[in-house]
Amino acid sequence: MSLLGLPAWAYAAGLAGLAAALLGLHLLRIRLRRQTVDSLLFFRQVGAVHKPRVLLGRPSRWLSFALGMALLAAAWTAFAGPRGADGAPSRVVLVDATAQAPAGSARSAAVLRAVEALAADAGLGPRGRIVAFGPGAVTIWSAGEPLARGAERLAALPDRGTASSRIWAALGEAARSLRPGDEILVLGGPPDLPDRIDGIPLLRAAVEDLSAAPAIVSVRLTDTPEAGGGRALRIEAGSGGGPGAVRVELGAGEALAADIDTAAGATAVVELGPLPDRALPALEILVTHGGGASARTRIDIPEARPLRVHVGADLPPAVALAVEADPRLEPAADLAAAEVAVVLAGSGGLPPELPALIVEPGQGERIRQPRRTAACPLPLGLRDRVRPAAALHAEPGEVWVEDAASGAALVRRSGIRIQIVGWLLDDPTHRDVPALILAAVHALDARPPVVVGPLAAPLPAPVAAPAALAARADAWPWIPVLLLCALLALCTDAWLHHRSRIA
Amino acid sequence: LAPTAASQELFDPAYLRSLEGLRILARRVPSGGRLAEQRSHARGAGVEFTDVRPYVPGDDFRAVDWHLYQRLDKVFLRLFLEDEDLPVHMLLDESASMGQPPAGRSEPRDKFRVARQAIAALAYVGAHHLDRVAVHPFTDASAAPLRAVTGRSAFHRLLAWLAGRSVAAGGRTDLVRALRDFAHRRLRRGLCVVVSDFLDPEGPDAIVRALKLVPHSLLLVRIVHPHEDAPELRGELEVVDCETGDAMPLYVDDTVLLRYREAYQAFREALEGVANSRRGGYLELRTDRPVVPQLATLFRGGVLEA
């Protein structure tokens, strides 16, 4: 039996047909019985005030009709949708319409095939919808419409060069429109979606053509201290299988590019930079595949907020000057408002969770020649000097600068703290000193990297289409019960009617 | 009697022999009849002495009372009551309702058969005593009557005639018109026997008025089905008149049946009243019972006084 998931018009038409049939049967059953008699002589004397009230006047007959109709309607409703036309489980299908998905008719055809298979297999229910996410969350199909209309709308959606993915907004909106027992099915989207959204199960399904296409998974804006403190783009992308290229259009004819070669459905991270210092409100990112397919997106670059740095008052003025000179830093007089602190060792009031550059004063061994290590983000050229200075305690951490002779640590990072021997700051005119301070401060920047989107992924390995909605399947055992009740009621009614006629 | 094969099925000899002890006795026999067994008030050639009168020339010498002449020396004539026949006019209903089985039952119970048996029985009683018996069939159309028969020898002709009669298909009961036509005939007064179910659509009042027009003694024999006064009907029906085909929707419940019985009883009383007022009688012959015992109730001491 495949009556599940009937659209509203089919349910109503079926119910009307059953009602008409039952009404016809009812009227046929209560028609007047012909009885031939010798004469109407005496019947005429009493018949004038005892006309039969067959059609409208016998409440008991219509009560039995109403009973039969109610039971029949219940059985039909059970067939058409166990929870009734409005209460049947529904699915909202979210379709990836972001730039990494195939565009235009190719996307439409692939999605249409997937949705058709889904609708034929399990149905979308009375509140079923197809929502395309990408440039926005757009409902392209609602229950009751032919699927081809949804495909047409999907093909006509603007693609490439739109804003970031709106999948989370689409998921939230879909979850709000559904009821318990409904489901959300995502075709495409990021790989790290939760299992449920506001209590609504979230299922994944594959669209085969999408996984083999070039895709842009994520774009992150990062700093590049090695390149002089500029910013770079860390792009996670997939070529769709085989060699491809990632190209970032910076405007004004500038561009950054890198090759990429991933398997179908796999991604790789490409870092392009540094970005020019001028303001870049937006970037065009294009991933091309050797076969000619491509994915393109437009990234709005948010304006970077300066890092608030508190500089201790007992430190040399060169430190504060260096902070003030960096446009990406903002001096913070209050330690509580700072995101990074530069303080002298032993200063009180430093919160343990606040990243800090700690200057270690004191005398000690004679340092012959500072030398940067591989962990140091700056190509330092600190002057060779022989100074009595205290080396840093041998604590676990990342040594940035060490003594070339003794190997004693001069600058060392340990978690959110960087220690630096104080005498390195004695020569503020050295060009590497402010750079070292600023590199340390930026390295302590614990703010999350700016993700400028989009967040999407080539589809994971194809998964099986979701099974029929569980709620609908649970209601099946009631159907025979309802049918049996309806049959018994009608038989009882017919028997009672027969008795009344022969009485 | 030599009954034919057709009549023997309806009127077997045993059935007729059981009627031999019955007699129709007219209270008043109209003059002008033929010599028979009904005592009339006319002086004539009877056997019962009633008076004497002086002889006048031209009288029949055979009637002279010679014993009185010897004693009184005067000539007187003996006068006798003349025995004449009684005209018995029978009206036989041949309408379709006479062949209709009872309402609500499928088994045939033929009113017409009972009616013919009643006609035959009463005609036998009359013919056995030399009365003149005529049968006038009626529906809504005129039909040829059976001319008067008298005497036992002619009775077989009546039986054969009755055996050949049948219910007229589609024939409607027009008792009122039949009675009016019969009343307007110039017939010697006698006994009028109406054998019918009296279900004329004209209604009880018209029937009673028509009966009162008949200038004869009236014996009304009403053929009824069992439980005709309480038909076995129930529920929502479309009752159809078997004669006219008229249909009437009706919901039959206890109230309807009660009113039906009341109307039926009123009609019965009206018929009985008019029959009694016309020195006749009223009898309901049920189709589910033997005819002769029911007819015998009309004959008190074996005599039906009409």
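Start with the surface of chain A. Chain A exposes about 23500 Å², and carbon and sulfur atoms supply 59% of that area. Accessible areas come from the Shrake-Rupley method with a 1.4 Å probe, and for residues only the protein chains shown count as cover. This is a predicted model, in which local features need pLDDT of at least 70 and side-chain atom pairs count only at pLDDT 80 or more, while totals for chains, interfaces and linings use all residues. Residues are numbered from 1 along each chain as its sequence is written, chains are lettered from A and ligands numbered from 1 in the order in which they are written, and side-chain values use heavy atoms, with hydrogens and water left out.

Stay with chain A and colour by burial. Of its 503 residues, 47% are buried (under 20% relative accessible area; exposed is over 50%, partly exposed in between, with a 1.4 Å probe and protein chains only).

Now switch to cartoon. Chain A has 12 helices and 25 strands. Both are DSSP runs numbered from the N terminus: helices are H or I with at least four residues, strands are E with at least two.

Next, select the open sheet of chain A. Eight strands line up as β16-β15-β17-β18-β24-β23-β22-β20, with mixed pairing. Two strands pair if DSSP finds at least two bridges between them. Find the edges: β16 (329-331) and β20 (370-372) of chain A each pair on one side only. Neighbouring strands are turned by 20° against each other on average, direction ignored.

Zoom in on β17 (340-344) and β18 (356-360) of chain A. They pair in the parallel sense over four bridges. Pick Leu344(A): its bridge partner in β18(A) is Val359(A).

Helix α9 (317-325) of chain A lies across β15 (307-311), β16 and β17, at about 170° to β15(A). Helix α10 (432-443) of chain A lies across β15, β16, β17, β18, β22, β23 and β24, at about 165° to β22(A). Axes are lines fitted to C-alpha atoms, for helices over the stretch in contact, and angles run from 0 to 180 degrees between N-to-C directions. Contact means heavy atoms within 4.5 Å.

Last stop: Asp110(B). Asp110(B) sits in the loop between β5 (87-93) and α4 (111-128) of chain B. Show its neighbours. Asp110(B) touches Met98(B), Gly99(B) and Thr287(B), not counting residues up to four places away in sequence. The backbone nitrogen of Phe112(B) lies 2.9 Å from a polar atom of the Asp110(B) side chain.

Terms used: Polar contact = N/O pair within 3.5 Å; in protein donor to acceptor, adjacent residues only side chain to side chain.
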